[in-house]
Each structure stands twice: as C-alpha cells, then as structure tokens.
Amino acid sequence: LLDLVHQDLSLADQFAKTKIPESIIRKLLTSVPPSESSMFRVDFRFSHVHYLNNLEEDSMYKRWRSNINEILMPVFPGQLRYIRKNLFHAVFVLDPSSVCGLEAIDMITNLYENSFPMRFGVILYSSNFIKKIESGAELHGAVANSQNEEDLSSLMIRLFIYIKENHGTHSAFQFLSNVNRLRMESESDDAIEMHHVEGAFVETVLPKAKTPPQDMLLKLEKDQSFKETSQESSLSVLKLGLAKRQCSLLMNGLVLDANEEALVNAMNDELPRIQEQVYYGHINSHTDVLDKFLSESGISRYNPQIIGDSKTRPKFVSLASLILGGESVLNHIDYLHSPETMDDLKPVTHLLAVDVTSNEGIKLLREGIRYLMAGTKIARLGVLFNAKQDADLSSLLFVKVFEFTVSSYGYKKEVLNFLDQLCSYYEHEYVLDPSAAVQDGHREKLQSTIYELAHENGLSTDAFKSMLGEYDIDKMRERLNKVAEFLYRLTGAGSAVNSVITNGRVMFPVDANSFLSDDLRLLESMEFKQRTKYVLEIIEEVNWKDVDPDLLTSKFLSDVVMYVSSAMATRERSSESARFEILHADYSAVILGNENASIHIDAVIDPLSPMGQKLASLLRVVWKYSQPSMRIVLNPMSSLVDLPLKNYYRYVLPTMDDYSSTDSSINGPKAFFANMPLSKTLTMNLDVPEPWLVEPVIAIHDLDNILLENLGDTRTLQAVFELEALVLTGHCSEKDHEPPRGLQLILGTKSKPHLVDTLVMANLGYWQMKVSPGVWYLQLAP
C-alpha cells in the first residue's frame, strides 16, 4: 500500500509541473484504469473467406435443435452440444501448396464429415506472391502485372475459385484434399508438384464436366482467369499480418495454431464465454455471434509485438519525467498530421526513431507517412532522426530538408506527398547504393531533385535554396547526438535505432521490413481504447487558470495528453481493480480529507477482524505522511457466533522524532495498549517477518501468562524487545543433486572470514546462520 501511494505521489508531482489543477490530478489517478492485456480477435470479415458449411442453413443439420438455450444445459464431460447455430467459426489461413496447409484441409474435411458442430472455412494465400510484394517486386498497395512464371500456390487458388464457382464449395475442398492424397501416394518428397495439382483438378472436375477437364485446365493456365481475385486474397492475408505464420487458425477471430488439439481447446475455452452471453440475454437465436465478437473486440491486424500476451507486459516509459527536468529533444519536435487535421487535438502521438542511414529506417519512415496519407483524426507523428557516427553529408542534408519541410509546410496538403517522394528518391539513390553518396556532385544532384519535387508539390523552391545555403553541418551532428542520448535513455540503444514510441509505449527493436502502416493504425486503436481516451476525457474538463490563453493550442493539449498518459502507463497495477462508487455508505463510512488531495483511498473494512486492525494501523500511517483523501467503509459481519477478536494489534513504525531533545539517546518505536481486560490471560509478542530473531530483553513478568488483576497497584506493564539477528537460510547440493554430507559453511568478512559457521543438514541440504545486516562472504570451510 505504501509503495502504491509513493508511486502516485511521484506521478502527482510530475503532473503538477504541467500546471494541471490538483482536482484533475486526483481524478486522473483514481479514474484512469490500469493498462492491461485484453482478448483481441482478428477481424477477417471480407469476401475472401471460403466457408465449407453453414450450420443454420445446410440440410445435413436440419435434425439438430435450434434453441440457443440448449447451450446452458448440463452434459457429460467431453460431450458436444449439437445446436443448429453458427457459434464456433474455425477459419484456417493457409498456403494451399504447403504440406501443413493440405494437412489442415484433410482435418477440416474429416471433422466436417463426422458432423462436428462447428463452421469451417479457409482463407488462401500465396507465400511466394507475398514475398514478391515485400521485396518490392510488386507495387505497394496495388498488384502489378508480373511477367514471371506463376507460382504453384497462386495456380491452386485460381483453380479452387473456378471449381467453387462452377461446381460448388464442397468440390473445391475436395480438389485440395485430392492434391494431398496424390502427394502422399507418390514416392516423391513432401513437396507439392505440378502433376499433383493437375491430376487432382482433372479427378475432381471429371464427373461433373461437360467438356474435357484437361482442355479447361490448359485454358485456365494460359488466360490467367481469377488471377486478380487470387492476388487480392493473398493481399488480405498480408494486411491481416498472418502471412508469417504459414498455417494459422482463427477461432471466432482468436489466432491459434492450426491443429486439431488447438481447435478443440479453443472451442472449450470459447464455450463459457458464449454461455455467459446467452445467460444474460446478450446472445439469442437471431444474434450473429461472429459479428458480435468481432465488433466488440476485433482488430484489423495481428501483430504479436503490439498485442502481446498476458504473460509479458509492454514496456512503458514516462515522457513527462524526461521533459520536466529541463531541455529535451521532445520540446523541439514538429509533428506531421493527416490533411486538414493539424488544428485538432491529437490524443495519440507516434514517435518514430529512424536511423536515417539504414534501409530499414527509411522504410519505417515511409510507412509512417503512408499511415498519415490514409487519414487519421486522432493521431500525429513525430520523427526522431538518429544516425551512425560516420553518417555522410547526404544523410545530414536529408534530415535537414525533412525537418525544415515539417516545420515550415506541415499545414499544406501536399507536404505528405512531397516527403514520400523525397524518401523514395533518397532510399533508392543513396541508402540502397551507398557509393553514390561519395561520388562527385552527389550533393548538387540531391539538391536539384529536392527543388524539383518541391516545385511539383507547390512548395517554395526559394525557401529550400535559402535554407540549404545556411545550414550548419556541425550543428546537425550535435542534434543527432542529443537524439541518440535521448533514445539511449528510452531503449538502452543510442545511434542506429529504429523503434516506435506511442504515448510512452516503447516498441524496440522494430522489424521495419514487416512493420506496415496498418501496424501504426493498430497501435493507434489499441492505445486509444485502452488508455488514452480516459485521459483525454479528463484533460478536456480542465479549466486552465495560470496558463497564457495563447499557449492553449492543440499542440499544447496534445503534449499534455501524451505526457500524462505515458506517465500513467508506468504505474504498476494489478489488472484486477474495483470501483467503489456503487457502495452505499451514507451511515457506515468515515470520510477524511478534501477533494483536492492527489491521492484517494477507498477501504472496505470489517472493524472486528484481525486484518481490519492491521489495515487500520496502516491507514493511520498513510494519513499522517501523505494526507490523502480517504473513505473508510465499515463492513461488519451481520451476526457474531464467537468472539471476533482474540488479539489486539498495533502497527509500529519509526517516527521522524526518534532522537531525544535533551541528550543523544534514541526513543525507539513503540506500541501502546490501553483498557485491556483484567481477568483474561494475555500474551505479549511481536508479529515480525520470519527471518527476524526477536526476543524480549527487559520483561519483569512472564509475557506468555499475563493477568493484569495480579499486578496489584501497578497499573502498567511494559516490555522491551530487541531484534537480535537475522536468520540467513539456504539450500545446497552436490553435482548429482544429493545433499552434501558433513559440509561446513563459514561466514565472515574479508579480514575475518570465519565469524559464524554452520553444518548443512545431510537429509535436505538445508542450512541457517544468525547474522547482522551488512555485506558478508559465505565460503566453504577449509
């Protein structure tokens, strides 16, 4: 409790320096929930999902009951519930030419034929096609017509779509199953070959075809039918972020491994969630379960580095603490915005740390620019350029031009297009070809290109010429060094850093080759929903009294939200939090403090309980040193069968005035008990941590059997306890993990190595020694 209070006092001190009123600070500390990992589902609702079955419409399920309340009925362990409702959607994302993809198809077909109560589907993609896109062989965001030989996966996707449209979905799935069967029957390796695909197509289409299937196969291979649909399907998987997983399962949007064990476990995990929704009436017979789940917690892209899991907490840093100490690079950043949103308050701030000398850094920068070009109303983007120590003049020139453009023309619509073109030219001419940076005339060539691009986008070429004629190379290197120092404090790495910092959340390192603008959009959505929107709602209520009205710009308010939300995210809080606003405490609460206190404590206490005594003492300590606002709600038991308290507790804490005002003596901490029962046998002892060896050193009476009525005229009894030593304990074993027999350990200092010794227990390997606080050396006895 004391640690949490200290943590909030530290935050309150940071917020006060941003001139936020005390009442708002208290509201921030009590109203903003802690950051926590939630359950995220990938929203895959698009036309490229091919479903094998539909439990609500297919005739094979017509004998099943359609009452959704059947899911609440008890069944034997392991027994499935056969309800005619699409409750579980198992969609497999796979490359049809991969072995794991075809094995998943066989599993789907087998479960479907055995009437497994689940809706099955697939999303098909080509790994080779996606590799071409990522390597730059295809246009970004659109598909370029390639003259290269088509890969096997794309052909299988086109044949699948043709069979589905002309012969039905079941035949299309049967085609993929036939490919796998022919692969297993052949004596070749596990790899899929062209003759497997061609044979499976002919075998599947032959019973239903009106023309020879071989002729149709040749026609499909030549005229590239359904090529655009096939490529769009692969692009959709790339945008979902699932291409790197090879084969994956989406169970109602939850991303899992594509195997039968994961499928069954996911179904069992999803069942109680659906049952709860049905019980409370949130799901009925007319509810589309998939739409409901994906609308409530669906995300547009899967990125485990952003989403994380319940075991690993994202790294957060307080940007407020970095700027309040004085000068900081954050004070000099000019931000980029989506067109026509520059004057809007932005609750989400992305800071891109970009190594300007690396291809990965420029790729990350271009993705950030494309993210803004796509449009966002709640986020802005700042760039922290850094470089290696030997960065050439072209890199410094690029940084200067970029920063000048943002600061001078950030309000213009064309600025994003100009910066994107500038990054593209710089990447291809200088980053991918480092030798060009040292060739004669490279600076003049770069400058002339800058003037040309500026003119094309309606920016003043004269302003760029004037700026480039005056800029100081040494100052640029000095600025890059300051950024490197700042990034070292954030990430532990200085120059040559590529990372993303979103409202204090640090993502380092970032794989710029696979980090897309869609990932920034995912970061924006998650950080706003989980953390920033609560801060924004409170900051918008602030009545700024001691701030110049001219300073209350959208940039100032966006900075405040960024600093506050980053500082709040550093609080170590359990994900389990309670809200006490609903408690009715008109007649059973003790209210202390005022509304302007930075810390507010709600305590619900049974006043006649051992824990209530301990907590009451702790609250007195907190009240004395922190002056919080406090509400103590008394919550006694409704009836008492037995004596509720069998001991009396006082919490002992050293005070600030331990030293005597008359001499050098020390008044140690003490506990005082008054109005004790006279006729009861009492025991006086200390409740101390287990390693403390505490014993009474001054005690006239037997402290285990105290009868106050036997004291006669003496109305008080006192005892002095002393912390004699601490118990140092441990275990040891030999290399074969057996306890060492007859082993002696010694403890001491460098000058006197043998002050205390002990023998290790032969049966458990356990040992213990009495020590005083300090630094000791533990050794084996000679």
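This is a predicted model: local features need pLDDT of at least 70, side-chain atom pairs count only at pLDDT 80 or more; totals for chains, interfaces and linings use all residues.
## Packed helix pairs

Two packed helices are described by the angle between their axes and the distance between the axes.

| Pair | Residues | Crossing angle | Axis distance |
|---|---|---|---|
| α7 and α8 | 194-205 and 213-223 | roughly 130° | within 9 Å |
| α15 and α19 | 393-409 and 473-491 | about 80° | 10 Å |
| α17 and α18 | 442-456 and 461-468 | roughly 150° | within 9 Å |

Helices α7 and α8 cross at roughly 130°, and α7 is therefore oblique to α8. The crossing of α7 with α8 is right-handed. On the α7 side, the contact is made by Met194, Glu198, Phe201, Val202 and Val205, while α8 contributes Pro213, Gln214, Met216, Leu217, Leu220 and Glu221. Sorted by class, the residues of this contact between α7 and α8 are eight nonpolar, one polar and two charged.

Helices α15 and α19 pack at about 80° with their axes 10 Å apart, which makes α15 roughly perpendicular to α19. From α15, the residues Leu393, Leu396, Val399, Lys400 and Glu403 meet Ile473, Met476, Arg477, Arg479 and Leu480 of α19. The contact of α15 with α19 comprises six nonpolar and four charged residues, with no polar residue.

Helices α17 and α18 cross at roughly 150°, and the two are therefore roughly antiparallel to each other. Their crossing is right-handed. In this pair, Arg443, Gln447, Ile450, Tyr451, Ala454 and His455 of α17 meet Thr461, Phe464, Lys465 and Leu468 of α18. The contact of α17 with α18 divides by class into five nonpolar, three polar and two charged residues.

## Helix α9 and its surroundings

Helix α9 covers residues 227-240, 14 residues in total. From its first C-alpha to its last, α9 reaches 20 Å, close to the 20 Å expected at 1.5 Å a residue. Of the 14 residues of α9, 10 are buried, so the helix is largely enclosed by the rest of the structure. The buried residues are Lys227, Ser230, Gln231, Ser233, Ser234, Leu235, Ser236, Val237, Leu238 and Leu240.

What do the buried residues of α9 pack against? They pack against the strands β1 (41-42), β3 (89-94) and β4 (119-124), and against the helices α4 (127-135) and α5 (152-167).

With a relative accessible area of 2%, Ser233 is buried. Leaving aside residues up to four places away in sequence, Ser233 touches His48, Ile123 and Leu124. Just after α9, Gly241 takes a positive phi of about 80°.

Most residues other than glycine have a negative phi, and most peptide bonds are trans. Asn503, which is not a glycine, has a positive phi of about 50°. Asn503 lies in the loop between β11 (499-502) and β12 (505-507). The relative accessible area of Asn503 is 0%, so this residue is buried.

His737 is a residue other than glycine with a positive phi, near 65°. The place of His737 is in the loop between β17 (719-731) and β18 (744-748). Is His737 buried or exposed? His737 has a relative accessible area of 67% and is therefore exposed.

## Two further positions

Ile369 lies in helix α14 (residues 359-374). At 0% relative accessibility, Ile369 counts as buried. Not counting residues up to four places away in sequence, Ile369 touches Phe402, Leu416, Leu419, Asp420 and Cys423. Ile369 and Ser338 are 31 residues apart along the chain, and their C-alpha atoms are separated by 9.0 Å.

Asn710 is found in the loop between β16 (692-699) and β17. Its relative accessibility is 58%, so Asn710 counts as exposed. Asn710 and Asn110 are 600 residues apart along the chain, and a distance of 86 Å separates their C-alpha atoms.

Definitions and conventions. Residues are numbered from 1 along each chain as its sequence is written. Side-chain values use heavy atoms; hydrogens and water are left out. Axes are lines fitted to C-alpha atoms, for helices over the stretch in contact, and angles run from 0 to 180 degrees between N-to-C directions. Helices (H or I, at least four residues) and strands (E, at least two) are DSSP runs, numbered from the N terminus. Angles under 35 degrees count as roughly parallel, over 145 as roughly antiparallel, 65 to 115 as roughly perpendicular and the rest as oblique. A crossing is left-handed if the near helix is turned anticlockwise from the far one by less than a right angle, and right-handed if clockwise. Contact means heavy atoms within 4.5 Å. Ala, Val, Leu, Ile, Met, Phe, Trp, Tyr, Cys and Pro count as nonpolar, Asp, Glu, Lys and Arg as charged, and the others, Gly among them, as polar. The expected span of a helix is 1.5 Å times one less than its number of residues. Buried means under 20% relative accessible area, exposed over 50%, partly exposed in between (1.4 Å probe, protein chains only).
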